[in-house]
Amino acid sequence: MTTTSVAAYAAASANAPLEKTSVPRRPVGEHDVLIEIKYAGICHSDIHQARDGWGEGIFPMVPGHEIAGVVTEVGSGVSKYAVGDRVGVGCFVDSCRECAYCKEGLEQYCVRGATGTYNALDKNGEPTYGGYSTHIVVDENYTVRIPEGISLDVAAPLLCAGITLYSPLAHWNAGPGKKVAVVGLGGLGHMGVKIAHALGAEVTVLSQTLRKQEDGLKLGADHFYATSDPKTFEELAGTFDLIVSTVSAPLDMDAYLSLVKTDGAFVNVGAPEEPNSLNMFSLIGGRKTLAGSMIGGIAETQEMLDFCAQHGLGAEIELIRADQINEAYERVLASDVRYRFVIDAATI
Ligand code: NAP
Ligand code: ZN
Ligand code: ZN
């Protein structure tokens, strides 16, 4: 029952390259599981934070909130898991457990703030360290089961990219008869296409160029348009019941809102470092909804994993060694990821 030191990749300060180091993991408590991490996805949020683009970063920082691994030890009070179980950890590892949102399974919107898997302080004031590491200790209630039908490498990105798209698609009723557009075909976007297609919606990808068109159609999109072509905005005016934007940079909101039907919704999940502005007439003209959505709760994350297993969905991944993380970051920033980098934790 002692704190252990585990290998990890960390950014020592904002903009420093990620390098191998070691970080402490707390002793396995009564309700904790010790997880041997097998794979960790690279989310664009890791890059925003490792480069302190959102501010207030805690360094050294071990990013990683798309974690897939195997339980190697359980606390005395653990009832959900046994040694050998395949489990996942997403973007948060704790929350207050008492507020209305926590009680409703919306822990991500906890009024006291859910505790981030990394770049946060836990209840004892200790910094949390994420998934670019060999092991992590997490409360069983903030851990989900990875169904047997999904291999761990392609499951890892579901823990953030998968749930971040599943939650709004489910909430805004993407399904048969609905025209849904996904903006940005990266890590989040490609899971959005797969999930919206599996839900039965008619899916359109809005990508900067047609470079990824063939992939988009294979992933399940019915249509694919380049947003660099002004004709796209003329042709698709007033088309969509739901648009989900995964873009990591500010957008011309008025142009995208013009593509939403009357009573339709534009839901933003991208988290750009700069603010965005819009003309209110873009909303009032068509009684349109502009909304945001953040990951999903624990129960909904489990529901998403079960849905993905049932439909044979996993992420399209490029498996990398830990010493390729910095190179992978550059490729994500250049929109050159197809479609999620996943770190093989055995190389850490
Ligand atoms: P990603 O893999 O880099 O994908 C973003 C995609 O957006 C790119 O592949 C690109 O697609 C498009 N894009 C990038 N720059 C653009 C620009 N300047 N103009 C127009 N399109 C652009 O990133 P990700 O991991 O999917 O994450 C996307 C964003 O969501 C990030 O800001 C991340 O922090 C945020 N995020 C939010 C949540 C949440 O809970 N709300 C969860 C996870 C991540 P095309 O090449 O197809 O144009
Ligand atoms: Zn993420
Ligand atoms: Zn709460």
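Pro-60 sits in the loop that runs between helix H1 (44-50) and strand S4 (67-74), where helices (H or I, at least four residues) and strands (E, at least two) are DSSP runs numbered from the N terminus. The bond joining Phe-59 to Pro-60 is a cis peptide bond, with omega at about 0°. Before I go on, please keep in mind that this is a predicted model, in which local features need pLDDT of at least 70 and side-chain atom pairs count only at pLDDT 80 or more, while totals for chains, interfaces and linings use all residues. Residues are numbered from 1 along each chain as its sequence is written, chains are lettered from A and ligands numbered from 1 in the order in which they are written, and side-chain values use heavy atoms, with hydrogens and water left out.

Asn-15, in the loop between strand S1 (4-11) and S2, is not a glycine and yet has a positive phi of about 75°. As background, most residues other than glycine have a negative phi, and most peptide bonds are trans.

On a 1 Å grid over the protein atoms alone, a cavity is a set of points where a 1.4 Å probe fits but cannot get out, a pocket is an open set with protein on both sides within 12 Å along at least five of seven lines, and lining residues have an atom within 4 Å of a point. Grid points are joined across faces, edges and corners, and a volume is the space filled by probe spheres set on the points. The count comes to two cavities of 30 Å³ or more.

Which residues line the second largest cavity? Its lining is made up of Ile-58, Pro-60, Met-61, Val-62, Tyr-118, Asn-119, Ala-120, Pro-127, Thr-128 and Tyr-129, and the space inside is about 40 Å³. By class, eight of these residues are nonpolar, two are polar and none is charged; here Ala, Val, Leu, Ile, Met, Phe, Trp, Tyr, Cys and Pro count as nonpolar, Asp, Glu, Lys and Arg as charged, and the others, Gly among them, as polar.

The largest cavity holds about 90 Å³, and of its 13 lining residues, Gly-90, Cys-91, Phe-92, Ile-298 and Thr-301 lie nearest the centre. Strand S5 (86-89) and helix H10 (298-310) are the elements that give two or more residues to this lining, which by class has nine nonpolar, four polar and no charged residues.

At least two lining residues come from each of strand S2 (18-25), strand S6 (92-94) and strand S8 (135-139), with S8 giving the largest share, four residues.

H10 also takes part in helix packing. How do H4 and H10 cross, and at what angle? Their axes, which are lines fitted to C-alpha atoms over the stretch in contact, with angles running from 0 to 180 degrees between N-to-C directions, come within 10 Å and cross at roughly 95°. The two helices are therefore roughly perpendicular, since angles under 35 degrees count as roughly parallel, over 145 as roughly antiparallel, 65 to 115 as roughly perpendicular and the rest as oblique. In contact terms (heavy atoms within 4.5 Å), Gly-162, Ile-163, Tyr-166, Ser-167 and Ala-170 of H4 meet Glu-300, Thr-301, Glu-303, Met-304 and Phe-307 of H10.

Helix H4 (residues 161-171) also packs with helix H5 (residues 187-198), the axes coming within 8 Å and crossing at roughly 50°, so that H4 and H5 are oblique to each other. Their contact has eight nonpolar, four polar and no charged residues.

Finally, Gly-292 lies in strand S15 (residues 289-292). Leaving aside neighbours within four places in sequence, Gly-292 is in contact with Trp-172, Val-267 and Asn-268.
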